[in-house]
Amino acid sequence: MAEALIKSENPKYIVFKGEEKLSKSLAKYTADLSEKFVRERGAFTVVLSGGSLIESLRKLLEAPYVDTVEWARWHVFWVDERVVKKDHPDSNYKLAFDGFLSKVPIPPGHVYAINDALSPEGAADDYEACLRQLVKTEVLELSIDNGFPKFDLMLLGMGPDGHVASLFPGHALVKENQRWVTFIKDSPKPPPQRITFTFPVINSSSYIAQVVCGSNESAAVHNALGTEKTSDPLPAAMVILKDGELTWFLDEAAASLLQD
Ligand SMILES: O=C(O)[C@H](O)[C@@H](O)[C@H](O)[C@H](O)COP(=O)(O)O
């Protein structure tokens with residue numbers, strides 16, 4: 001594993017000297033989990049976000065991982081997606097396809113993009129129906145605890161305001177506890193119309209990597225990982241796995257306000 005500057009166990013975070021080292025470690029972490037889940041259950045369900053995360057996955061496109069990862073067993077989802085056409089510059093699918101998915105042999109039928117012909121409501125319903133179908137075919141498991149889908153690995157980013165997925169601070173959607181996938185039409189981060197996984201789904205994951213680089217996010221990192229508890233936590237602080245492992249991958253700038 002690329003050398004870490006700081007490793008903390010509770011909360012679990014790793015600080016790297018620079019994004020290059022972080023991306024090397026993230027590639028090994030992801031490849032190791034791919035190997036584990038393919039061995040254990042013959043499939044690996046991976047959830048992507050938008051933003052800088054895709055760039056941080058670039059080391060998976062290099063040796064040894066590009067040849068050793070069993071790409072044919074991957075099933076790829078999005079934790080949130082902008083409701084735009086798939087070839088639109090704002091599309092998270094396009095970002096991931098151009099920067100990552102087009103360079104590895106994941107079967108196209110295993111890449112679950114939104115239906116871009118639908119409204120936000122329609123696209124959220126359609127995506128949830130797709131997930132329910134994948135439960136039936138046993139690609140996707142359900143949490144025994146709560147009946148929400150249990151993804152093997154979610155690779156999340158975080159905005160400077162502490163949002164994760166399209167769950168923004170102070171927005172009613174952070175409290176959604178019935179739906180698997182829901183929609184937002186007034187996202188404070190453009191574009192306004194998106195679909196997003198809900199917290200019960202995010203928090204049922206087996207593994208989450210919360211990847212944050214740069215000083216713009218340092219205050220939110222401090223808020224989410226600091227010891228002071230608030231009655232109104234940031235969405236990033238609401239990512240809590242009861243039956244899973246959350247690891248924060250931080251560069252020095254993102255971690256600059258944390259005390260060690
Ligand atoms: O659709 C989106 O806007 C992204 O999915 C978003 O949720 C992203 O993960 C964070 O905003 C972090 O973005 P950065 O990594 O670019 O800071």
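The paragraphs below go from the whole chain to single residues of a predicted model.

Residues are numbered from 1 along each chain as its sequence is written, and side-chain values use heavy atoms, with hydrogens and water left out. Because the model is predicted, local features need pLDDT of at least 70 and side-chain atom pairs count only at pLDDT 80 or more, while totals for chains, interfaces and linings use all residues.

The chain contains seven helices and 12 strands; these are DSSP runs numbered from the N terminus, with helices being H or I of at least four residues and strands being E of at least two. Its radius of gyration is 17 Å, close to the 18 Å that the globule rule gives for 260 residues, so the chain is as compact as a globular protein of that length. That radius is taken over C-alpha atoms, and the rule is 2.2 Å times the number of residues to the power 0.38. The C-alpha trace spans about 45 × 45 × 40 Å along the principal axes of the chain.

Of the 260 residues, 52% count as buried (buried is under 20% relative accessible area, exposed is over 50%, and partly exposed is in between, with a 1.4 Å probe and protein chains only). Among contacts with a separation of 6 or more, 75% come from residues 24 or more positions apart; contact means heavy atoms within 4.5 Å. The chain exposes about 11700 Å², and carbon and sulfur atoms supply 51% of that area, as computed by the Shrake-Rupley method with a 1.4 Å probe. There are 27 positive and 36 negative side chains, and the centres of the two sets lie 1 Å apart. Lys and Arg count as positive and Asp and Glu as negative, without His and the chain ends; each charge is placed at NZ of Lys, CZ of Arg, CG of Asp or CD of Glu.

UniProt, in an unreviewed entry, places the feature "domain: Glucosamine/galactosamine-6-phosphate isomerase" at residues 19–248; such annotations may be inferred rather than shown by experiment. Over residues 19–248 the chain is 30% helix and 17% strand, and the end C-alpha atoms are 13 Å apart.

Leu-153 belongs to strand β8 and is buried, with a relative accessible area of 0%. Beyond residues up to four places away in sequence, Leu-153 touches Tyr-29, Thr-30, Leu-33, Phe-44, Thr-45, Val-46, Val-47, Tyr-207, Ile-208 and Ala-209. Leu-257 sits in the segment after β12 (245–251) and is partly exposed at 41% relative accessible area. Apart from neighbours within four places in sequence, Leu-257 is in contact with Ser-218, Ala-219 and His-222. The C-alpha atoms of Leu-257 and Ser-218 are 6.1 Å apart, although 39 residues separate the two along the chain.

Some backbone details lie in loops. A cis peptide bond joins Ala-63 and Pro-64, with omega about -5 degrees; Pro-64 is in the loop between α2 (53–56) and α3 (65–68). The bond from Pro-190 to Pro-191 is also cis, with omega near -5 degrees, and Pro-191 lies in the loop between β9 (181–184) and β10 (194–197).

Glu-138 is not a glycine, yet has a positive phi of about 65 degrees. Glu-138 is in the loop between α5 (120–136) and β6 (141–142) and is exposed, with a relative accessible area of 64%. Ala-165 has a positive phi near 45 degrees and lies in the loop between β8 (153–156) and β9; Ala-165 is buried, with a relative accessible area of 7%.
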